[in-house]
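This report describes a ligand site and some local features of a protein chain. Please have the sequence and the model at hand.

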Amino acid sequence: MVVGIYPGSFDPVTLGHLDLIKRSAKMVDTLIVGVLNNKKKVPVFTEEEKKSMIELVTKDIPNVQVEVFEGLLVDFARIKKAGVIIRGLRAVSDFEYELQMTQLNRQLEKSLDNIFLTASLEYTYLSSSAVREIASYHGDISSMVPAQIIDLVEEKYKKK
Ligand code: COA
């Protein structure tokens, strides 16, 4: 049984993330989407909001589980008995950061391997911060996030 983890901040999940979830779920027996509140970032959505949005948009993919984690990714991978970490590459600029993270993780846990998937062309421009910025100015995010969560994202900015 191959368990894979797709970790990230998902603040909020985008169509680009969902594309990677769908593609990588076909490569492993169980895919755990690991939701992290990255201490280097100030999140707009709570961990529970992020988790339930991902659950909503992945409910038709049977081998996907969504879990919140904190601490080191390698420790989360050990607990979940995961053998691979899945990450997306949107552009060459992602590569340097991903390479460094991979090498650090391998240093901490030799048995952990990585799969890098290139983002589908139509989503290479996407990021969660772009979605947040556009939503904060009440712009149209319908081509950026899954249809099921558009209202939830927009609602967040109505309250602010
Ligand atoms: N589609 C859309 N957006 C994408 C994307 C895709 N396919 N791939 C990446 N992104 C965007 C994200 O939306 C995010 O955008 P934002 O910064 O504008 O919000 C950005 O790329 C990168 O974020 P993300 O993929 O969520 O990664 P991260 O840098 O927040 O966190 C972890 C990456 C979780 C893997 C890493 O921080 C981690 O492992 N942390 C745990 C601590 C640890 O183990 N540290 C040691 C290892 S160095």
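The sections below cover the basis of the model, the ligand, the salt bridges and the backbone.

## Basis

This is a predicted model, in which local features need pLDDT of at least 70 and side-chain atom pairs count only at pLDDT 80 or more, while totals for chains, interfaces and linings use all residues. Residues are numbered from 1 along each chain as its sequence is written, and side-chain values use heavy atoms, with hydrogens and water left out.

## Ligand contacts

Around the ligand there are 24 residues, of which Ser9, Lys41, Leu73, Tyr97 and Ser129 come nearest; a residue is near if one of its heavy atoms lies within 4 Å. Polar contacts here are pairs of N or O atoms within 3.5 Å. Ser9 places a polar side-chain atom 2.5 Å from a ligand oxygen atom. For Leu73, a polar backbone atom is 2.8 Å from an oxygen atom of the ligand. For Arg90, an N or O atom of the side chain lies 3.0 Å from a ligand oxygen atom.

The ligand taken alone exposes 950 Å², and the protein buries 85% of that (Shrake-Rupley method, 1.4 Å probe).

## Ligand surroundings

The ligand sits in the largest pocket. A pocket is an open set of points, on a 1 Å grid over the protein atoms alone, where a 1.4 Å probe fits, with protein on both sides within 12 Å along at least five of seven lines; to sit in it, a molecule needs more than half of its atoms within 2 Å of the grid points.

Two or more shell residues come from each of β1 (3–8), α1 (15–25), α4 (92–108) and α5 (128–136). Helices (H or I, at least four residues) and strands (E, at least two) are DSSP runs. The most, four residues, come from α4. By class, the shell has nine nonpolar, eleven polar and four charged residues.

## Salt bridges

Eleven salt bridges are counted, each a side-chain nitrogen of Lys or Arg within 4 Å of a carboxyl oxygen of Asp or Glu. One joins Arg23 and Asp19, with the closest N and O atoms 2.9 Å apart. Because Arg23 and Asp19 are four residues apart in helix α1, about one helical turn separates them.

## Backbone

Most residues other than glycine have a negative phi, and most peptide bonds are trans. Phe10, not a glycine, has a positive phi of about 50°. The peptide bond joining Asp11 and Pro12 is cis, with omega about 5°. Phe10 lies in the loop between β1 and α1, and Pro12 is in the loop between β1 and α1.

Note on methods
A polar contact is a pair of N or O atoms within 3.5 Å; within protein, one must be able to donate a hydrogen and the other to accept it, and residues adjacent in sequence count only if both atoms are side-chain atoms. On a 1 Å grid over the protein atoms alone, a cavity is a set of points where a 1.4 Å probe fits but cannot get out, and a pocket is an open set with protein on both sides within 12 Å along at least five of seven lines; lining residues have an atom within 4 Å of a point. Ala, Val, Leu, Ile, Met, Phe, Trp, Tyr, Cys and Pro count as nonpolar, Asp, Glu, Lys and Arg as charged, and the others, Gly among them, as polar.
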